[in-house]
Amino acid sequence: MALISCKNASFDYDGNTVVSELNFEVDTGDYLCVVGENGSGKSTLVKGLLHLKNPQSGEIIYGEGLKSTEIGYLPQQTAAQKDFPASAYEVVISGLLGSKDFSPFFSKADKAAAKSNMELLKVTDLAKKCYRELSGGQQQRVLLARALCATEKLLLLDEPVAGLDPIATNDLYAAVEQINKQGVTVIMVSHDVKTAVEYANKILHLNNEQAYFGNTAGYVESEVGKVFLGTAPQANAALGGAGNV
Amino acid sequence: MFDIFAEMLSYPFITRALLVGVLVALCASLLGVSLVLKRYSMIGDGLSHVGFGSLALATALNFAPLAVSLPIVGLAAFLLLRLSENSKIKGDAAIAMISTSALAVGVIIISMSTGLNTDVCNYLFGSILAMSGNDVLLSVILSIVVIILFVIFYNRIFAVTFDETFARATGTNAGLFNMLIALLTAVTIVLGMRMMGAMLISSLIIFPALTAMRVCKSFKNVIICATIVSVTAFCIGMFFSFTLDIPSGASIVVVNVLYFMVFTLVSKIKKA
Ligand SMILES: Nc1ncnc2c1ncn2[C@@H]1O[C@H](COP(=O)(O)OP(=O)(O)O)[C@@H](O)[C@H]1O
Ligand SMILES: [Mg+2]
């Protein structure tokens, strides 16, 4: 049984279907990249996977006893967070709350878990710094450490490198790869299809429908993949170079 | 100055007002941080107008003010949150709608019953004489309940305030905690309203949080700093209210404004 199976799912906003006919499976240990142009429904699918949005039709089935409190999430940033007075440590440890039932305060074990996740992402020395004063790359690492606090099984990342410089981008990709190698299943929405095919073992390409789902090698060979990657001869003419976004 | 304080404390109505006021100032600053950061500041303002309407109603019917205001303002808090979350009406417009209607109803009730007397003026701008013996006990109990609930749910309130989507996604019942924040705010506003006045109570919620956010870098420090600012501003404001014979609400707000200016200056100097 797969960790997540999506069966004929579609999503809408007020009755307008924005993405439909989703049929894919994610197994434990997978690194799935969701690619597609702006507005193709990637973030909508992420909301669906997080139970923040119910499918219009079809269903999303969670296997292997995956509970909604066991999913880590790195959101596309909201404006409110940018001027929020919180220390990096406070942000990271807040990731543990979902899995705590009633106890109002953090235990020693919680604090240790937060610290070890901060070490993994090399943000230990930022612990006391104000979140809003960190660089974009540091903020994303802190949010990733928080997401790790929320899960040991499944990590969902929505365009985690948007707005980061090349070095911070590579650092973040490396960190995610390392997390994946430790056995955490990763689903990442990405604009950057060239890097996606480098790291991911599965690709889901959306254009308001499911244009491709399968392993990465197959995607590189597929028509849609060739066009999006810019390796098809007519690619630049057809998409105006959209593969480089 | 200490002589005057000693003199103040010898009046039972002032000790009562101070006791309740300190507790309410504490509640207001705790909740204020969350409200300001969630961009919910206007909810405090809206609720205070509803509070005014319900006080007018209570006086006209000759009921105990707290017993009437608490359920009405609590219900309004629930409605405001619902309106700003679910409906097609924008949050701030929904609040303006509810608060002006409550104000209008209050004004009509007053003009049909007592007319614009000193009582009404006290509702609007606050009076240290407002607390009766019965209300004090209830106020003390309720504000302690607010503080305890805030402490118990402190970590979850942080999570829901910082990133509601993440909290929801990882299994925290964000709607429940939004409601908790709104209800605690309603209680705080009702308790503080007669001392601060309906027109001014929301400043007790907003100012300490904004002041603390000028200089503090962690949520915990903002909370601690806001409570200290709030309680000291309240005491200083009461002192001037007593010595200069001015309405207590206005006097407390002015002290809060001064705090805000000083903290802003400090943060500018620190950065320079
Ligand atoms: N809250 C919303 N209300 C209505 N339409 C929305 C909302 N969010 C997204 N959409 C629409 O749904 C489509 C898919 O959006 P989204 O999933 O955010 O795309 P992506 O993340 O792939 O850029 C877009 O056409 C967008 O305009
Ligand atoms: Mg998106």
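**Spaces and interface**

Tutor: The largest cavity holds about 40 Å³ of space. This is a predicted model, in which local features need pLDDT of at least 70 and side-chain atom pairs count only at pLDDT 80 or more, while totals for chains, interfaces and linings use all residues. Residues are numbered from 1 along each chain as its sequence is written, chains are lettered from A and ligands numbered from 1 in the order in which they are written, and side-chain values use heavy atoms, with hydrogens and water left out.

On a 1 Å grid over the protein atoms alone, a cavity is a set of points where a 1.4 Å probe fits but cannot get out; a pocket is an open set with protein on both sides within 12 Å along at least five of seven lines, and lining residues have an atom within 4 Å of a point. Grid points are joined across faces, edges and corners, and a volume is the space filled by probe spheres set on them. The search of the whole structure finds 1 cavity of 30 Å³ or more. Its lining includes Ala56(B), Ile110(B), Asp119(B) and Tyr123(B). In chain B, α3 (41-61) and α6 (118-125) each supply at least two of the lining residues; helices are DSSP runs of H or I with at least four residues, and strands are E runs with at least two, numbered from the N terminus.

The largest pocket has a volume of about 590 Å³. It is lined by 22 residues, of which Ser87(A), Tyr89(A), Glu90(A), Ile93(A) and Lys220(B) are the closest to its centre. The elements that give two or more residues to this lining are α2 (88-93) and α3 (108-120) of chain A, together with α8 and α12 of chain B.

Now the interface itself. In contact (heavy atoms within 4.5 Å) are 26 residues of chain B and 35 residues of chain A. The buried area, which is the accessible area (1.4 Å probe) that two parts lose on being put together, summed over both, is about 2600 Å² between these chains, with 61% given by carbon and sulfur atoms. Arg156(B), Phe162(B) and Phe166(B) supply 28% of the area that chain B buries against chain A, more than any other three residues.

Charged pairs come last. A salt bridge is a side-chain nitrogen of Lys or Arg within 4 Å of a carboxyl oxygen of Asp or Glu. In one, Asp163(B) pairs with Arg146(A), the closest N and O atoms being 2.9 Å apart. Lys217(B) and Glu133(A) also meet in a salt bridge, at 2.8 Å from N to O. Lys217(B) lies in the loop between α11 (201-215) and α12 of chain B, and Glu133(A) in the loop between α3 and α4 (136-150) of chain A, so this pair joins two chains.
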